[in-house]
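Welcome! Take a moment to look over the sequence and the structure below, and then let us walk through them together.

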Amino acid sequence: MMDSPSYMLSKIAEKDNLTVYELFFGPNHPGMHGNFGYVLEMIGTEIVKVRPNAGHLHRGFEKLMEQKLWVQNIALVPRICVADPDPNEVAYCTAIEKILRVDIPDRAKFLRTITLEMSRLSSFLMGMGALAAAVGLYTAMNIMTADRDLILDLFEWLTGARVYHMFSIPGGVRNDLADGFVERLYKVLDHLEKRLIEYDKLLFENPIIHKRLKGLGYVSKEDAVKYGLTGPNLRASGNPYDVRVDDPYAAYPYLDVRVITQEGGDALTRAIQIRLEFEETINLIRRALKTMPEGEIRLNLGNLSALKVPKGEAYAKVESSKGEFGYYVVSDGGMKPYRVAVRGPSLPAGLLLAQKHLPKMKIDDVAAWMASLAICPPDIDK
Amino acid sequence: MSLGDKSVYSPLTNLKNLFKKPITVKYPKEILKVFPKDGVSPIYRGLHTNDLNKCIGCGMCQRICPFDAIEMKVIGENEQGRAIKKPVVDYGRCSFCGFCVDVCPTNSLKMSRHYIYKVKTVKSMSAKEEVEHIKQKFKLMPDESLGDDIGYNTGKAKKILG
Amino acid sequence: MIAAIRVFGYSLFAIFIGLLFMGIGRKIIARIQLRLGPPFYQAFLDVGKLFARKSITHNFVMDLGMIMSLAGLLSTMLFVPVAGHMAIKTSSNLILIIYLMAIGHLGMAMAAAASGNPNATIGVSRALTMMLGYEIPFFTVMLGLIIFNGTSSLELIAQSQAGGILNWNMVKFPLGFLAAEIALQAIMGEKPFDAMVAPAEIASGPMVELGGKYLGLAFLTHAVSIFVETGIMVNLFMGGASNVFTFVLKQFEIYLITILIEAVFPRFRIEQAVKFLWTVPMSIAVVQLAIILL
């Protein structure tokens, strides 16, 4: 707007050479999640230029993976996405299995699918909570965190750890379901379905949420493909693409996954997309539990600590809650990977789309924009 | 209801939470009962525990450890004059992945359901000394045992790695 | 001498009630969020801890601004009749009260601007913009009451409502009460009008550079502002009170409404907030004013 007061003020400031100042939005900022930041060049409260400030995660995942045994990397890969760690394990293991040309037992596939979908639920809860917190609705965030804890309890029972499960290994999974686990999972799913009504009332019917998020960070159907968005962000722009359907892995070929698409492409649509997929995920877990076969949970690949993967390369991709996680694994036939390249879902949105969206945006909306695109900084820094 | 409707009254319905029981508890005084056993999950990957009678000191755990947290310490000599080695776990490095438990050939190394490790600080120490002190103490020494409460363990029948 | 002791005593009382309300408010919000929450005396512990800390200042202006904001609100408090009692015998003029209240914000603005942090500066500019937003509807409601009662003395307005709940302005002028209640939400800086603090956007705005004793002073300022603002509302709309206990209880009712709204609504952007305040409560207030005048 040419005649808006902020524009006129900025023009006055420009005359006095007081134009642009730098504001560090992260890594030490309540609106930023993870070790990442934007250096915003601003006039008044309006952003004119943005410089992503990555590199605070001093781990170097890809390089580090070349120095560890095949199986040791299982302890490393989940750390690429804290909120949604399982897709990393499954993608890495699937890539190894592709090079080894083995087919894992059906029950292992279903167990992997169930952990993936549970991880998706917990990540969606965290994502919705982060979005609510970004616009100041801490009640939703607190209740969602409490509900996420129920899923983490189940993970603890199934895998022995709450956040980094390290559950998939090349050839299968590490544990079978405990007694009483399935009943408990059903109970938690019922509880979440009931809670969903409350979330609707608190978050998705809230008029101020609509006011804040409508039209924020609009991505058109073509732009979503051009910038390489994946997952819910892509489907919220009207592109029916889902790795679970288009290139199925684990047990998804046996399950009927419904792809939800919406037109709209703004932050509100993306929030509602997460909400709809949350409901669908609950149903998917129920279907997977019903059709899960009995049998072995692991393929015997010999001593895994001395596992040698034959020469070759493979790309495995997994649909995570934030988008597509891809692992490109190259083996030279040795004890360690020759090269592992990770494709993270946050990189296109966090680095490329930020260049397009953040300029001309007000400082008010940066946190909500980040939360609506589910940007998870560790996979920018891998 | 279709998503996308908005209403000022909908958020206000959440005020009924005021009359519900809170989810959180006063932690040290009361604990939530979540699992069939009290405390953490039955297969929790907590602090290690090593059955020294079974441990043969083979060093497999040291070899598999992704984070180089296990070190084989010589604790004595046997009759033939060869060193007896036992694993020492450094919890400053350990990521609790449990691969050392999976790989143990005699199932002597297990993980307990304990997850709180207390180190008493000595007030007379300087900051630098204290760091060194905690570095030394923050390890599971072979003579320590937490064997009363076994969490993650593979058992003979369920060998995972190897 | 006696006047000085009275002023001191009234200040302590206001701070005590404000901190108590803050603690209870946190507890209530926690229960809405399904948490157990901190004990109701947590605000006292916080202030005690903060004043025990070493703290850093940027310059003299920052110190002055913090003191000025607390002193401005405390002096406002002296003009608010508490159940008929006042620290100093004055006419308790409403217009004077409202203009003294602005000193609190201006002091905070000075302190924040002196700290030199852009987040704090944005926060303060938002706080002052928000002031423009809420003062117009609130003043319109007050104008109606002043015209109706023929006086701008808060004490006389409170006295004129004596004799039962039906005489309260809250019942006589429900539209005015509604408009004032919405404006009060902004005056207290609670959601949906808390754009000046907004942790996720500008890292708590004016508070970003405060630590230790300075944050403690900001806490005290907030406590006094709660006391003053709820006190004005009680006198204007709930007929004052015959004794201090009822007065505090009525204040708490006003604060409770604010807290309940705060718990379930997110925040407006600053321009949305001002636009909302200039349309919705403003039009309600104008309708009320028209009803009083006709």
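## Before we start

Two residues are said to be in contact if their C-beta atoms, placed from the backbone, lie within 7 Å. This is a predicted model, in which local features need pLDDT of at least 70 and side-chain atom pairs count only at pLDDT 80 or more, while totals for chains, interfaces and linings use all residues. Residues are numbered from 1 along each chain as its sequence is written, and chains are lettered from A and ligands numbered from 1 in the order in which they are written.

## Where chain C meets chain B

Let us begin with chains C and B. Here nine residues of chain C are in contact with 12 residues of chain B. Two elements of chain C give two or more residues to its side of this contact: α1 (2–32) and α11 (244–264). Helices (H or I, at least four residues) and strands (E, at least two) are DSSP runs, numbered from the N terminus. The element that gives the most to this side is α1(C), with three residues.

What classes of residue does chain C bring to chain B? By class there are seven nonpolar, no polar and two charged residues. Ala, Val, Leu, Ile, Met, Phe, Trp, Tyr, Cys and Pro count as nonpolar, Asp, Glu, Lys and Arg as charged, and the others, Gly among them, as polar.

## Helix pairs in chain C

The helices α1(C) and α11(C) also pack against each other, at an angle of about 40° and with their axes 10 Å apart. That makes α1(C) oblique to α11(C). Axes are lines fitted to C-alpha atoms, for helices over the stretch in contact, and angles run from 0 to 180 degrees between N-to-C directions. Angles under 35 degrees count as roughly parallel, over 145 as roughly antiparallel, 65 to 115 as roughly perpendicular and the rest as oblique. The crossing of α1(C) with α11(C) is right-handed; a crossing is left-handed if the near helix is turned anticlockwise from the far one by less than a right angle, and right-handed if clockwise. On the α1(C) side you will find C:I17, C:F21, C:G25, C:I28, C:I29 and C:I32, which meet C:V248, C:F252, C:Y255, C:I259, C:E262 and C:A263 in α11(C). This contact has 10 nonpolar, one polar and one charged residues.

A second pair is formed by α5 (residues 118–149) and α8 (residues 174–187) of chain C, which pack at about 150° with their axes 9 Å apart. The two helices α5(C) and α8(C) are therefore roughly antiparallel to each other, and their crossing is left-handed. Residues of α5(C) that take part include C:M130, C:Y134 and C:F138, and among those they meet in α8(C) are C:A179, C:A183 and C:I187. By class, the contact of α5(C) with α8(C) has 10 nonpolar, three polar and no charged residues.

Chain B has four helices and five strands, and from the N terminus on its elements run α-β-α-β-β-α-β-α-β. Of its 162 residues, 29% count as buried. A residue is buried if 20 or more other C-beta atoms lie within 10 Å of its own, exposed if 12 or fewer, and partly exposed in between, with C-beta atoms placed from the backbone.

How many residues does each chain give where A and B touch? Chain A gives 31 residues and chain B gives 35 residues. On the side of chain A, two or more residues come from each of α5 (138–159), α6 (181–204), α7 (207–213) and α11 (267–291). This side divides into 13 nonpolar, nine polar and nine charged residues.

## A closer look at chain A

Chain A holds 13 helices and eight strands, and 55% of its 382 residues count as buried. Its C-alpha trace spans about 75 × 50 × 35 Å along the principal axes.

Two places are worth a visit. In helix α12 (residues 346–357) of chain A, the buried residues include A:L347, A:L353 and A:H357, and their cover includes β2 (37–43), β3 (46–53), α9 (232–235) and α13 (366–372) of chain A. In helix α5 of chain A sits A:D147. This residue, A:D147, is buried, with 22 other C-beta atoms within 10 Å. Not counting residues up to four places away in sequence, A:D147 touches A:L125, A:L192 and A:R195.
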